[in-house]
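Here are a few exercises for getting to know a new structure. Have a look at the picture, then work through each one.

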Protein chains: 2
Amino acid sequence: MPGEPLAHAPAASDAALRRLSGYAPLTPDEAALLHQIAARTVLVPARTELVRDGEAAPRPQVLLEGWACRQRLLADGRRQIVVVLLPGDLIGLDQRRRPLPFGSVATLTPARICEAGALRDAAAGGGKEAGKEAGLAAALRQAREMEEIWLVNQVVRLGRQTAYERVAHFLLEVRERLAAVDRVQENRFSFPITQEVLADALGLSVVHMNRTMQQLRRDGLVEQRATAITLRDVPALISIADYTGTHDTGIPGA
Amino acid sequence: MPGEPLAHAPAASDAALRRLSGYAPLTPDEAALLHQIAARTVLVPARTELVRDGEAAPRPQVLLEGWACRQRLLADGRRQIVVVLLPGDLIGLDQRRRPLPFGSVATLTPARICEAGALRDAAAGGGKEAGKEAGLAAALRQAREMEEIWLVNQVVRLGRQTAYERVAHFLLEVRERLAAVDRVQENRFSFPITQEVLADALGLSVVHMNRTMQQLRRDGLVEQRATAITLRDVPALISIADYTGTHDTGIPGA
DNA sequence: CCGGCCGCTTAACGTGTGTTGAAGCAGGGC
DNA sequence: GCCCTGCTTCAACACACGTTAAGCGGCCGG
């Protein structure tokens with residue numbers, strides 16, 4: 001084990017390719033298109049707005065590296081992070097007929113993104129014969145379904161779970177999603193967000209977020225070092241969080 | 001004004017037709033199909049499961065009368081209602097590649113529903129020329145977008161709003177959605193659910209739900225009689241809830 | 001090398017919300 | 001007419017979580 005912590009550093013397009021081809025087998029052409037798109041990437045700092053509040057036609061993008069989120073701000077400054085976006089996740093891929101009212105997409109860490117209009121066009125054009133979608137179109141549909149599942153998960157967490165349960169549940173979901181893009185090694189993965197961000201995602205105050213993380217560590221369930229986290233006892237976490245995987249991959253999530 | 005409170009009693013297909021044609025203009029054929037589908041309706045009692053937990057391929061249905069919900073149960077019995085479904089709403093219309101993990105759809109009141117497989121087929125077959133969707137297909141897409149907006153609204157409510165704000169926000173959303181199917185008269189509409197259901201939808205206990213409703217009444221913001229509710233001061237409610245309409249209709253929601 | 005900032009941590013305290021338990025109250029069935 | 005059941009309401013109490021304020025350590029720019 002060399003010095004680099006979670007180095008790995010896969011090709012830029014890896015995350016998206018891995019995720020989409022995990023949803024549906026892609027044709028060589030489609031895989032090539034993904035690589036081609038990812039050739040032109042942009043680096044953006046943390047706290048960059050990728051989609052502005054109520055923007056009519058957001059540009060399709062792929063998050064290749066770093067974390068982002070969809071969020072909503074209340075008039076008095078309260079913030080709710082609606083979903084966290086991880087490497088390989090798509091942004092603005094489904095063309096909406098009307099803008100989402102008052103929501104924005106922003107990076108949480110420095111991030112690498114790329115334009116993805118071609119992806120959407122390719123999916124719209126190809127793979128629609130025989131009544132059954134295939135390839136890229138099917139993968140994008142599946143990606144949309146996953147987003148809905150994450151949203152439902154978020155509702156249940158916020159509506160009916162305690163702080164302790166929420167964090168456990170969230171960590172398990174992140175683990176499963178990162179595993180789908182091969183970024184988890186022995187239940188250890190990069191976790192580059194501050195407790196303030198976590199609090200805004202889980203509907204808690206920063207102070208209580210801190211208390212809760214400490215409790216999880218004291219209970220030997222998680223271990224945090226620098227910007228990486230290790231889930232020390234996944235079965236216990238699953239039991240605490242009442243976690244039923246997202247059926248994203250064949251991972252033993254549930 | 002005759003005796004019947006909110007009688008009205010539109011044709012069974014009215015709610016769905018009104019909603020979908022509000023999203024995109026339907027062809028006469030498509031409108032006729034809606035009527036035809038709604039000809040064969042089924043009456044089901046309250047607490048009927050329309051889609052079971054993790055069901056692979058739920059039958060497409062339309063809720064024509066009554067209220068329902070998507071919900072999720074935790075192992076210890078806690079329940080979270082994910083979204084409330086109102087007359088005109090669609091159930092299981094988008095064919096999923098995998099079942100939603102652990103969620104079910106159930107009626108909250110006696111309800112009238114109808115099969116809608118033909119709707120989905122019609123949308124898949126027709127209206128896809130010229131790159132731009134039209135008619136039924138576009139309307140269904142828009143309906144899906146609205147569902148996502150409701151989910152996001154729910155996340156913000158549960159994550160960052162107080163009980164008082166949550167109820168105000170929820171009532172405004174229901175009002176807007178019912179208005180889209182012409183079931184609101186002077187801010188008065190049918191509200192046939194118990195406080196227990198409301199509590200499960202808004203992530204509160206029944207007792208606190210009760211406290212909060214009473215406060216809203218005492219403050220002159222809402223008035224409840226029997227199974228109907230009146231929003232007495234919509235601007236005040238909007239301000240309290242920080243409500244930004246769903247852009248569903250041209251209603252002065254925001 | 002020194003500030004200054006940001007993120008984590010801790011403490012003390014206030015409060016919104018949950019819990020338990022029980023009493024009214026209305027509607028429906030018999 | 002009665003009882004039964006389900007919904008609302010109320011009271012007392014407990015606690016999870018929010019708020020405010022302060023200290024502490026690392027990192028970065030000057």
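Before starting, note that helices (at least four residues) and strands (at least two) are DSSP runs, numbered from the N terminus. Keep in mind too that this is a predicted model.

**Exercise 1.** Find which elements each supply at least two residues of the surface near DNA strand D.

*Solution.* Start with the residues: 14 of them surround DNA strand D. To count as near, a residue's C-beta atom, placed from the backbone, must lie within 6 Å. Among the closest are Ser205(A), His208(A) and Gln195(B). Next, the elements: chain A brings in α7 (206-218), while chain B brings in α6 (195-202) and α7 (206-218). The largest share, five residues, belongs to α7(B). Sorted by class, this surface has six nonpolar, seven polar and one charged residues.

**Exercise 2.** Now take DNA strand C: which element gives the most to the surface near it?

*Solution.* Again, list the neighbours first: 14 residues surround DNA strand C, and the closest include Thr194(A), Gln195(A) and His208(B). At least two residues each come from α6 (195-202) and α7 of chain A and from α7 of chain B. Of these, α7(A) gives the most, with five residues.

**Exercise 3.** Work out how many residues of chain A are in contact with chain B, and where they sit.

*Solution.* The count is 31 residues of chain A against 31 residues of chain B. On the chain A side, β5 (79-85) and α4 (135-160) give two or more residues. Twelve residues, the largest share, come from α4(A). By class, that side divides into twelve nonpolar, ten polar and nine charged residues.

Definitions and conventions:
Residues are numbered from 1 along each chain as its sequence is written. Chains are lettered from A and ligands numbered from 1 in the order in which they are written. This is a predicted model: local features need pLDDT of at least 70, side-chain atom pairs count only at pLDDT 80 or more; totals for chains, interfaces and linings use all residues. Ala, Val, Leu, Ile, Met, Phe, Trp, Tyr, Cys and Pro count as nonpolar, Asp, Glu, Lys and Arg as charged, and the others, Gly among them, as polar. Two residues are in contact if their C-beta atoms, placed from the backbone, lie within 7 Å.
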